[in-house]
Amino acid sequence: MHIESLSIRNFRCFGDEAVHINLAAGTNAFVGNNGAGKTAALEALKRLFSPIAAERQIRRSDVHFGLGEDIHTIKGSEREIVIEAVFGFPGNTTNAQVFTDLFFNGIDKSLKVRVRLECKYSRANAIDDDLETKFYAVRTLDPVPFGPDDERKTPLRGRPTQYAEACNYP
C-alpha cells in the first residue's frame, strides 16, 4: 500500500488550478526551488493524516491568495480548498482489509482508497483562524463536485479513526 497521488488546490502556494503529484511506491523526495511547494505538499499530507486533531484543520494562513489578493479582496467572495490522496494496493491486498472505503478501479483493475479534505473560505471567515474542515472518502477516481451533495462521497467526520504505526518485515 502506498499513496499513489496527492492533489492540492487553493492551499498555501497552490492556486485555483489543482496540482496533481504522482508518487511511486517506496521512497519519494520533493526537490525544487524555494517557494515551489515542497513544504506545502508535506503540510497538505499532515492536514489529511495527522493523529493530532488541531493539525487536521485548515487555518486562514493556509488559504491561497493570488497576486493582489488578500483576506478582504479575494476574487468572488469564497475560496474552495481541496486536498486529496489516493492510496493504491499494487499486487498485495492484505493491507487493504483495514479500509472500509475501498473501491475497484476498472481501468487498471486495482483496489483504491481516496481520501478528500474540503474547506470553504469566505470573507465572513476573515476573523476566524480555524475554518470548518470536512473529510470524505470518495469511491471513484472521477472528478467530484465540492460539497456534500454527491453519493460517491461519504463523510468521515464522526467515524472512528485509528492511527497505527505500520511496519513491513519481509
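This is a predicted model: local features need pLDDT of at least 70, side-chain atom pairs count only at pLDDT 80 or more; totals for chains, interfaces and linings use all residues.
1. S6 pairs with S4 in the antiparallel sense, over 11 bridges. Within this pairing, valine 113 of S6 is the bridge partner of phenylalanine 87.

2. S6 also runs antiparallel to strand S5 (residues 103-105), to which 3 bridges join it. Phenylalanine 103 stands opposite lysine 112 of S6. The two strands S5 and S6 form a hairpin with 4 residues between them, and lysine 109 in the turn has a positive phi of about 55°.

3. A further antiparallel pairing links S6 to S8 through 6 bridges. Here leucine 117 has phenylalanine 135, in S8, as its bridge partner.

4. Helix H1 has 12 residues; the distance from its first C-alpha to its last is 17 Å, close to the 16 Å expected at 1.5 Å a residue. Its buried residues are Ala40, Ala41, Glu43, Ala44, Leu45, Arg47 and Leu48. What covers them includes S1, strand S2 (19-22), strand S3 (58-59), S4, S6 and strand S8 (133-138).

5. The largest nonpolar core comprises 26 residues, and those with the most contacts inside it are Leu6, Ile8, Phe11, Leu48, Ile58, Ile81 and Ile83. Two or more residues of this core come from each of strand S1 (2-9), helix H1 (38-49), strand S4 (78-88) and strand S6 (110-122). In soluble globular proteins, nonpolar side chains tend to be buried together.

Technical notes: Residues are numbered from 1 along each chain as its sequence is written. Side-chain values use heavy atoms; hydrogens and water are left out. A nonpolar core is a set of buried Ala, Val, Leu, Ile, Met, Phe, Trp, Tyr and Cys residues joined through side-chain atoms within 4.5 Å. Buried means under 20% relative accessible area, exposed over 50%, partly exposed in between (1.4 Å probe, protein chains only). The expected span of a helix is 1.5 Å times one less than its number of residues. Contact means heavy atoms within 4.5 Å. Two strands pair if DSSP finds at least two bridges between them.
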